[in-house]
Amino acid sequence: MRRSGVFPFCLIQVVCAVMLLVGCKPEATQPSSDQQTPAAVPDQTEAKGDMAADTVPEGARRLIAAYPDMDMRYVDNQMVIAGETVPYDDGKPKSFVELLDDCDVEDMFAMPYDTSVTRPDYLSDPGRGRCEALYKAMYGHNASEVAKNLVDVRWFGQTLQFTRINGANKQLEAVERELKSHPEWSKYFAKSSTFYWRKVRGANRLSAHSYGMTIDINVANSDYWQWANPGKGELDKIGYKNRIPLEIVGVFEKHGFIWGGRWYHFDTMHFEYRPELL
Ligand SMILES: [Zn+2]
């Protein structure tokens, strides 16, 4: 019985060897190929994912995340916004004044916006530089294009015009709802203003008010660096002043608005919808 058991075993080995020789080899190797494939695919996917993350700069990622309703992507050092192309990084080293006057998308993130800053450092103006081409692509290239997207927002008894793009009007309404629970603050919000297509005073760049996503609250309780420091220029040391309660600022920031009071060149009435910086 033992011998008869050995013989069939040897016969099976011989048959298998013959099958391999006459063309079963591809079938025999196929399973090992299949086994390798699942291991290889995740590796490649992971590598591609890492490469994509590495090649999309932090600022571009922040913009894409901050404006989910906007058709926006990053390709080869460019932001593509609703089909319009805006260069991301012009590669130029810039002085402080050039960061304001010739600001590309990358430059907008050069100074981090810190919600705990109450005495901004010398020349720390996070968000004061804006890439005009980027905001024009989002909100409109001229006054009439921006105006097409302005809608009424109720604001402490006023009706203000604010852009509906990126849901900025909804965020301003949410700010008003929260601030209303503090009637003692209402004096800060009277006589507010929003849309006005214009250049920054004394400069050749557009004010953020041009895009319809910026509000100035009551000037009567506000401070502006040039009014408080007459005769001083952009690079001079200046004194800081603010009369706006920081609790008010916190409500705006919670809804995506940066505050001009966190700038060395302070503008404490000024709140601007810039969720990419928060
Ligand atoms: Zn303003």
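Hi everyone! Let's start with His-270, which is buried, at a relative accessible area of 4%; buried here means under 20%, with exposed over 50% and partly exposed in between, using a 1.4 Å probe and protein chains only. Before going on, please note that this is a predicted model, where local features need pLDDT of at least 70, side-chain atom pairs count only at pLDDT 80 or more, and totals for chains, interfaces and linings use all residues. Residues are numbered from 1 along each chain as its sequence is written, and side-chain values use heavy atoms, leaving out hydrogens and water.

So what coordinates the zinc ion? His-209 through NE2, Asp-216 through OD and His-270 through ND1 do, at 2.0 to 2.1 Å. Donors are N, O and S atoms within 2.8 Å of the metal (3.2 Å for Na, K and Ca), and since water is not among the atoms, sites may look incomplete. Along the chain, the spacing of these donors reads H-x6-D-x53-H. His-209 lies in the loop between H6 and E6 while His-270 sits in strand E8, 61 residues apart, linking distant parts of the chain. His-209 is buried too, at 2%.

Now the sheet. Helices (H or I, at least four residues) and strands (E, at least two) are DSSP runs, numbered from the N terminus, and two strands pair if DSSP finds at least two bridges between them. Here 3 strands make an open, antiparallel sheet, ordered E6-E8-E7. Strands E6 (214-216) and E7 (257-259) are the edges, each pairing on one side only. E7 and E8 (residues 270-273) share 3 bridges, and Phe-257 has Tyr-273 as its bridge partner in E8.
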